Amino acid sequence: MNLIIHRGTQEIGGTLIELLSGKSRIILDAGLPLMDPGDKTKKLTLNLRGKTTKQLRDLGILPAVRGLWAGLDDGPSVDAVLLSHPHQDHYGLLRYIRSGIPIYLSADTLRILNRSNVFIKPGVQVRDAQFLNHRKPKRVGETPFTVTPYTMDHSAYGAMAFLIEADGKRLFYTGDFRGHGRKAALFEELCAEPPRRIDRLLIEGTTLGSDSHDDKTEGQLENELIKAFRQYSGLKLVSVSGQNIDRLVTLYRACKRSGRVLVIDLYTAAILEGTKRSSIPHPGPDWRDAKHLRILFTKKYEQILQKNPSYDEVLDLSEPFRITQDEIGRDPGRHVVIFRDSCLDEYTAIGDWGKAALIYSQWKGYMDEPAFQRTAAKLKTRGVDILSHLHTSGHASKAHISRLIEALAPKVLTPIHTFHADAFKELWPKVELLEDGMPHEV
Ligand SMILES: [Zn+2]
């Protein structure tokens, strides 16, 4: 088995790995880069809209993989793409691949992709989905590759790591993971019962090199949120990813325990309902009696759903949960409202917010974006405090990375999805740093 990391040896985001055995080839993840391919110290700001796959390949956005990209006549198609989890920097290039290439992924990942399609433009359509299940080995089509997936604790729902076997070799790819989230038990299970005889480990190191890494548990965060809710007698706004299911559960639990109401928007409602898990708060008859979950029909999302008949059911299910600005305005202190920059006017319509706070429950780096800066300035003129400490990372701490490496005890470790590959040399004696695009034996 041979390996080419097309992108990811020196950067976070845009992961794309090719594995080769005889004439068979499979791809692990097809991520949109976060960094500019021409200058990896800069963020990617290029507008990709309207560009052909040839232009995107020439720009280095699409790595040079034969038989992968639609519209390029460059040999037979790859046999499959395996997708670790539904974050753009791991799946964002799927929309450029040839039709007919099967996509292997978890059912949970597919549900999130399908539900987010109309909200995140342009979305992806997975036509030939092959489902992967926790610890169940599966042959990849007619190829020599067998994949055994491991469900991982990560901020993306449905995230998996992959053990890939072919030609008597065993490669383990972690995807993105952590050990302090609501699925921490899966991390513990993997450390306690790891796959053995790993020839090469590809492991993510997002947090290495950052001294401000936050790895409190979601449970600890829940307690901190309750404290903050009590500290502010007025409206609580929360900036959070609508796809971070762990965090939404944490917010819901904090509201329930402190007698408050979590007010989500229709995007979040669609994602939560799309998980099809009765244990996760969602608009559905089984949650109708829940006094702690309501939905604000902000215009932007209501219009998106009305235009897409496949979301009629989400609208119908959401209706009994509908809350108005007036209702929130009568008792702002009881409400914790999911906040989007683009809907500020609609929160203004709530009226007097009282002693209010915006809880920024995402990676702090996003606060530097100009759109958020403009919003922050407007919020400050209203006397709103902005709290940025009520968050915990979606990625593993150094201690958890180290524990997983020791459990898997690979013959060779290759860092991926990191700006600090060298930092792994402290954690394992056999580290081999690879370069993007260079073939290696597994
Ligand atoms: Zn991720």
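First, the ground rules. The model is predicted, so local features need pLDDT of at least 70 and side-chain atom pairs count only at pLDDT 80 or more, while totals for chains, interfaces and linings use all residues. Residues are numbered from 1 along each chain as its sequence is written, and side-chain values use heavy atoms, with hydrogens and water left out.

Let's start with the overall layout. The protein has domain 1 (2-211 + 394-441) and domain 2 (218-387). Those bounds come from an automatic or database domain assignment. The domain centres, taken over C-alpha atoms, are 31 Å apart. At the interface, 20 residues of domain 1 are in contact with 28 residues of domain 2. Contact here means heavy atoms within 4.5 Å.

Now the metal. Which residues coordinate the zinc ion? They are His85 through NE2, His87 through ND1, His154 through NE2, and Asp176 through OD, at 2.2 to 2.3 Å. A donor is an N, O or S atom within 2.8 Å of the metal, or 3.2 Å for Na, K and Ca; water is not among the atoms, so sites may look incomplete. Along the chain, the zinc donors follow the spacing H-x1-H-x66-H-x21-D. His87 sits in the loop between strand 6 (80-82) and helix 2 (88-91), and Asp176 in the loop between strand 12 (169-173) and helix 4 (184-192), so this pair ties together parts 89 residues apart in sequence. Helices (H or I, at least four residues) and strands (E, at least two) are DSSP runs, numbered from the N terminus.

Why is the zinc arrangement called irregular? Because the four donor atoms subtend angles of 89 to 162° around the zinc ion. Four donors count as tetrahedral if all angles lie between 85 and 135 degrees; four count as square planar and six as octahedral if opposite donors are over 155 degrees apart and all others between 65 and 115; anything else is irregular.

His87 is partly exposed, at 24%. The cut-offs: buried is under 20% relative accessible area, exposed is over 50%, and partly exposed is in between, with a 1.4 Å probe and protein chains only.

On to the aromatics. How many aromatic pairs does a search of the whole structure find? It finds 10. Rings of Phe, Tyr and Trp (its six-membered ring) pair if their centres lie within 6.5 Å; planes under 30 degrees apart count as stacked, over 60 as edge-to-face, and the rest as tilted.

Take Phe177 and Phe187. Their ring centres are 6.3 Å apart and their planes are at 10°, so the pair is stacked. Phe177 is in the loop between strand 12 and helix 4, and Phe187 is in helix 4, 10 residues apart. Phe177 is buried at 0% relative accessibility. Phe187 is buried too, at 2%.

Next, Tyr252 and Trp287. Here the centres are 5.4 Å apart and the planes at 75°, so the pair is edge-to-face. Tyr252 lies in helix 6 (residues 245-257) and Trp287 in the loop between helix 7 (266-274) and strand 16 (293-296), so the pair joins parts 35 residues apart in sequence. Tyr252 is buried at 7%, and Trp287 is buried at 14%.

There is also a cluster. Phe119, Tyr267, Tyr301 and Tyr311 form one aromatic cluster. Tyr267 is among the buried residues of helix 7. Just after helix 7, Lys276 takes a positive phi of about 55°.

Lys355 lies over the face of Tyr232, 4.3 Å from the ring centre. The charged end of Arg382 sits over the ring of Trp353, 3.8 Å from its centre. The test is NZ of Lys or CZ of Arg within 6 Å of the ring centre and within 35 degrees of the ring normal.

Last, a few loop residues. Arg135 is not a glycine, yet has a positive phi of about 65°. Arg135 sits in the loop between strand 8 (129-131) and strand 9 (138-139), and is partly exposed at 27%. Arg197 also has a positive phi, about 50°. Arg197 lies in the loop between helix 4 and strand 13 (200-204), and is exposed at 63%.
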